[in-house]
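Biologist: Hi, could you walk me through this model? I'd like to go piece by piece.

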Amino acid sequence: RGNILIASSYLGLATAASYGLTVTILLILSSISMVICQIQLPYITTLQSKGNKSDLISIYSEIAVASWAIYLTGLIAVCFFSDDIFDLIGSRTHLIEHPLLFVLGVVLLLELNHSIAATYLTTKNNIPFVKSALLSGLAILVATFHAVIPFGVTGLILSQGLIQAAYNNWKWPLMVAKDLEVSIISILQLGSKNIGAKIFRKVFIQQKEPDQ
């Protein structure tokens, strides 16, 4: 998050305010999306202690898909309605341009995904990502200092996105997939299927039972 300080130092107050506001809103959205994982963490830990692989696959799949769905829904809403909302409240500060907003949204979505995977790995009494997190954070700061002046906000976003994509974005989800012995595509398919079935039961079946 040191990018915000770097932006205020090199890009001027107006640009830094827009970037900082954008990052803050998207981080709030990411935190909301992460709540599902945090709520289910005790249950996942219990399943780990029992070695219940099938239920672990099921619950992790649902968490991943639900978190993605919440985040993407919020990101689309921010992209389409943020300007109108800020105009309505009379704010002089708006979010960054929509193309860059979407790119930053994708960068933070991938961070959300590997954060969910990393949180799952902590339930195995192992924290393998500390060194990579520190090195990535340092690398992002160094890259940002070199990219901010020639590329502006684009440099801030790409420095973070490319460095995270080089390792963290794929390493921890892949490690989870190997631990669960399923493919990442299977995780997404199973999560979508389970959530769809729960919504169907909730909307169509439970509503009919009182009438019967």
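Biologist: Is Thr 144 buried or exposed?

Modeller: Thr 144 counts as buried, because its relative accessibility is 0%. Buried means under 20% relative accessible area, exposed means over 50%, and partly exposed is in between, using a 1.4 Å probe and protein chains only. Bear in mind that this is a predicted model, where local features need pLDDT of at least 70, side-chain atom pairs count only at pLDDT 80 or more, and totals for chains, interfaces and linings use all residues. Residues are numbered from 1 along each chain as its sequence is written, and side-chain values use heavy atoms, with hydrogens and water left out.

Biologist: Where does Thr 144 lie, and what is Thr 144 in contact with?

Modeller: Thr 144 lies in helix H5. Leaving aside neighbours within four places in sequence, Thr 144 is in contact with Asn 3, Ile 6, Leu 156 and Ser 159. Contact here means heavy atoms within 4.5 Å. Helices are DSSP runs of H or I with at least four residues, strands are runs of E with at least two, and both are numbered from the N terminus.

Biologist: Let's go to helix H1, then. Which residues of H1 are buried?

Modeller: Helix H1 covers residues 2–10, and Asn 3, Ile 6 and Ala 7 are buried in it. They sit on the same side of H1, because they cover an arc of only 105 degrees around the axis. That arc is taken from the directions from the helix axis to the C-beta atoms.

Biologist: And which residues are exposed on the other side of H1?

Modeller: Leu 5 and Ser 9 are exposed there.

Biologist: What covers the buried residues of H1?

Modeller: The cover includes helix H2 (13–50), H5 and helix H6 (153–166). Just after H1, Gly 12 takes a positive phi of about 90 degrees.

Biologist: Which residues other than glycine have a positive phi?

Modeller: Asn 125 is one of them, with phi near 55 degrees, and Glu 181 is another, with phi near 60 degrees. Asn 125 is in the loop between H4 and H5, while Glu 181 is in the loop between H7 and H8. Asn 125 counts as exposed at 78% relative accessibility, and Glu 181 is exposed too, with a relative accessible area of 66%.

Biologist: Back to H6 for a moment. What does Ile 163 touch?

Modeller: Ile 163 lies in helix H6. Not counting residues up to four places away in sequence, Ile 163 touches Ser 136, Ala 139, Ile 140, Ala 143 and Leu 158.

Biologist: What about the salt bridge of Lys 124?

Modeller: Lys 124 pairs with Asp 179, the closest N and O atoms being 2.8 Å apart. Lys 124 lies in the loop between helix H4 (98–122) and helix H5 (130–151) and Asp 179 in helix H7 (residues 168–180), so the pair ties together parts that are 55 residues apart in sequence. Lys 124 counts as partly exposed at 36% relative accessibility, and Asp 179 counts as buried at 17%.

Biologist: Last one: how many helices and strands does the whole chain have?

Modeller: The protein chain has 8 helices and 0 strands. Its C-alpha trace spans about 60 × 45 × 25 Å along the principal axes, and buried residues make up 39% of the 212 residues. Among contacts between residues at least 6 apart in sequence, 77% join residues at least 24 apart.

Conventions: Salt bridge = Lys/Arg side-chain N within 4 Å of Asp/Glu carboxyl O.
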